[in-house]
Amino acid sequence: MTVNRLDSPDGASKPVRADNSDDESNGRPAGLIGAVDNVLRLLRLFEDSKQIRVNEVSREMGLSRSTVHRMLSTLSHHQFVEQDEFSRAYQPGPALVDIGLAVVQNMDIRAVARGALTRLWTETNETVHLAILRGPEVLFLDSIESRQIVRTGSRVGWTLPAHATASGKALLAELDEQDLLALYPSEKLDAPTETALNSRTALFAELVETHDRGYAINNAESESDVSAVGVVVRGRAGRPRASIVVTAPRSRVDQEWVRATAAATVRIAAELSARLE
């Protein structure tokens, strides 16, 4: 157990527990990491206050001012908090705000998109997904599995290379060259399968085609037995928010399947886009 010293108002020092034991004095379960627990408790103070000060946090949490100052300095370095120039109080920083907004937006789009996914699932009789771009990867937020015996499965929670998926290429096709170069600084790309794109030049050329035709194609690029069609979903002012994608076993996919699936996906993506802010 680690013991810190806390200066009391009368100038005396008293021991302050800084462990993570499960006892009646702190009411916290065993297994918590003390330093992490303290940081998270500090951040939750913003639930009740727009700004927090070192002395207030010290009293509220029973920690020394120096400990609180170090915690806030670390959070400030990572832009989770920022210090007001005049009051010297701390307020939520851009990183904390961005994370909160991203969580809310992703929750919102998943709820709004569920009806569109259901319609697409009904029309295509295949597995459908909702995905967002996270750097050079796509994160799958929602899926509805096909009722067919031979089908592709749910990908909820999966992350896959964006350049090897229809959902990812649909979103990458909306980026400008500068953003794409930031995501792909190297000419060589990792290829999950034999048919996946393995060069930045080939990817950029396909993204131009994807943008022009209005949908992306995955021809067994992320998995050797899966093909897909993906379309971008836009929000306010046409800003890309997500993509919806239909996946199917490669054995069931031909040009007619791609044409019919793309038509349905493009139409339903436009309907969903009209509902998003």
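A charge sits over a ring if NZ of Lys or CZ of Arg is within 6 Å of the ring centre and within 35 degrees of the ring normal. The model discussed below is predicted.

Q: What makes R147 a charge that sits over the ring of W121?
A: The charged end of R147 is 4.3 Å from the centre of the W121 ring, and the limit for the distance is 6 Å. R147 is therefore described as sitting over the ring of W121.

Q: Which residue lies over the face of Y215?
A: That residue is R213, at 5.3 Å from the ring centre; the cut-off is again 6 Å.

Q: Why are α2 and α3 called roughly perpendicular?
A: The axes of α2 (residues 54–61) and α3 (residues 65–77) cross at roughly 115° and come within 9 Å. Angles of 65 to 115 degrees count as roughly perpendicular, and α2 and α3 are therefore given that description. Their crossing is right-handed.

Q: Which residues of α2 and α3 meet?
A: From α2, V54, N55, V57, S58 and M61 take part, and they meet R65, V68, M71 and L72 of α3. By class, this contact has six nonpolar, two polar and one charged residues.

Q: What makes α1 roughly perpendicular to α3?
A: Helix α1 (residues 34–43) packs against α3 at an angle of about 75°, with the axes 11 Å apart. The range for the term is 65 to 115 degrees, so α1 counts as roughly perpendicular to α3. N38, V39, L42 and L43 of α1 make the contact with M71, L72 and L75 of α3. By class, six residues are nonpolar, one is polar and none is charged.

Q: How many aromatic pairs does a search of the whole structure find?
A: The search finds zero aromatic pairs.

Technical notes. Residues numbered from 1 in each chain as written. Predicted model: local features only at pLDDT ≥ 70, side-chain atom pairs only at ≥ 80, totals over all residues. Heavy atoms only, no water. Axes fitted to C-alpha atoms, helices over the stretch in contact; angles between N-to-C directions. Helix = DSSP H or I, 4+ residues; strand = E, 2+ residues; numbered from the N terminus. Parallel < 35°, antiparallel > 145°, perpendicular 65-115°, else oblique. Left-handed = near helix turned anticlockwise from the far one by under 90°. Contact = heavy atoms within 4.5 Å. Nonpolar A, V, L, I, M, F, W, Y, C, P; charged D, E, K, R; others polar. Phe/Tyr/Trp six-rings, centres within 6.5 Å; stacked < 30°, edge-to-face > 60°.
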